Amino acid sequence: MIAQEQIPAVVDHPVYDTQGKKIGDAKHVYVDDATGRPEWVTVKTGLFGTSESFVPIKDASMVDDHLEVPYPKERIKDAPHVDVDGGGHLSTHEERRLYEHYGIAWDEAWQRANQPGDGGWAYGTADTGTARSGDGDAARARADSGTARTGDDAMTRSEEQMHVGTEQVETGRIRLRKYVVTENVQQTIPVRHEEVRVEREPITEANRDQALTGPEISEAEHEVTLHEERPVVETRAVPVERVSLRTDEITEEETVAGQVRKERIDIETEAVDDAEATDELRERRGRTDEGLL
């Protein structure tokens, strides 16, 4: 349990959930006005820390330089929204919604919050380390009423504004994988071969001497070697291309929908009875005439 003197060590320090995941940074500590015990801590969550979620601090503990709470991050981020700038106190409705969200018995918490002298939950700061006190009942009434803040002769109207940002998340992974496949390839090339052709020529004066060099009658053989070309296949590994992965950043327009609350101011007119207005006008005229006399 966090003691009141530990509030400065909690505010503006990291907050981790029950699984050791960082939720955000502590912003405010809300204490019981009657006992002064810290009861809630607000944690800045969401995109760029634009929202604050309430977390029970009763079973939380300080570990080194951060606060650990016994709730998962998803449950904390889904906690009911509470306006932390609405007077520094939680309304009865807000308290009940938070208790129900975290599974805390409302009857027990409500009895403790309504002990004599109780004024609801106020929040402490890092500068003072104590809760800001005040009329808790009045603060709770203002929070429950839902009306706009009023001045002497004017009324301030407020509204929520939606701020949208972006966060980078991992959507997938792509990798290059090289493997070997075998394909059948056909290629046509020209091949040559030799064939025998028998040539006969008559004896003439030009070839007579060559023809009569041998015996007149004899047996003989003449042999010719034939040749042909045949296809020869060999493979060679040669580089053909380089393949790499590169990411391109594409900007697209995406519409984000959300809900914001706005205050409205209505003008109410109260009618005055004609007879009463006539009597009042006559009375004013009478007083004026007396002044003239």
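Buried means under 20% relative accessible area, exposed means over 50%, and partly exposed lies in between, with a 1.4 Å probe and protein chains only. The model on screen is predicted: local features need pLDDT of at least 70, side-chain atom pairs count only at pLDDT 80 or more, and totals for chains, interfaces and linings use all residues. Residues are numbered from 1 along each chain as its sequence is written, and side-chain values use heavy atoms, with hydrogens and water left out.

**Stop 1: Glu234 and Arg236.** Select both side chains. They form a salt bridge, with the closest N and O atoms 2.9 Å apart; the term stands for a side-chain nitrogen of Lys or Arg within 4 Å of a carboxyl oxygen of Asp or Glu. Arg236 and Glu234 are both exposed. A search of the whole structure gives 10 salt bridges, and two others follow at the next stops.

**Stop 2: Arg157 and Glu159.** In this salt bridge the closest N and O atoms are 3.3 Å apart. Arg157 is partly exposed at 40% relative accessibility, and Glu159 is partly exposed at 37%.

**Stop 3: Glu160 and Arg261.** Select Glu160, then Arg261; their side chains meet in a salt bridge at 3.0 Å, N to O. The pair links distant parts of the chain, 101 residues apart: Glu160 is in the loop between β9 and α6, and Arg261 is in the loop between α6 and α7 (274-292). Helices (H or I, at least four residues) and strands (E, at least two) are DSSP runs, numbered from the N terminus. Glu160 is partly exposed, with a relative accessible area of 26%, whereas Arg261 counts as exposed at 52%.

**Stop 4: the nonpolar patch.** Select Met162, Val164, Val256 and Val260, which make a nonpolar surface patch of about 330 Å². Patches consist of residues with over 30% relative accessible area and no salt bridge; like charges are joined within 9 Å and nonpolar side chains (Val, Leu, Ile, Met, Phe, Trp, Tyr) within 5 Å. The areas come from the Shrake-Rupley method with a 1.4 Å probe, and for residues only the protein chains shown count as cover. Val164 is in the loop between β9 (155-156) and α6 (208-211) and is exposed, at 53% relative accessible area.

**Stop 5: the second largest pocket.** This pocket has a volume of about 610 Å³. Of its 14 lining residues, the closest to its centre are Thr166, Glu167, Gln168, Glu249 and Ile250. A pocket is an open set of points on a 1 Å grid over the protein atoms alone, where a 1.4 Å probe fits, with protein on both sides within 12 Å along at least five of seven lines; lining residues have an atom within 4 Å of a point. Grid points are joined across faces, edges and corners, and the volume is the space filled by probe spheres set on them. The lining has four nonpolar, five polar and five charged residues. Here Ala, Val, Leu, Ile, Met, Phe, Trp, Tyr, Cys and Pro count as nonpolar, Asp, Glu, Lys and Arg as charged, and the others, Gly among them, as polar.

Stop 6: Asp12, in the loop between α1 (7-10) and β1 (14-16), has a positive phi of about 65° although it is not a glycine. Asp12 is exposed at 54% relative accessible area. Asp64, in the loop between β5 (61-63) and β6 (66-68), has a positive phi near 55° and is exposed at 74%.

**Stop 7: Pro56.** Finish in strand β4 (residues 51-56), where Pro56 is found. Pro56 is buried at 6% relative accessibility. Its C-alpha atom is separated by 7.8 Å from that of Val69, 13 residues apart along the chain.
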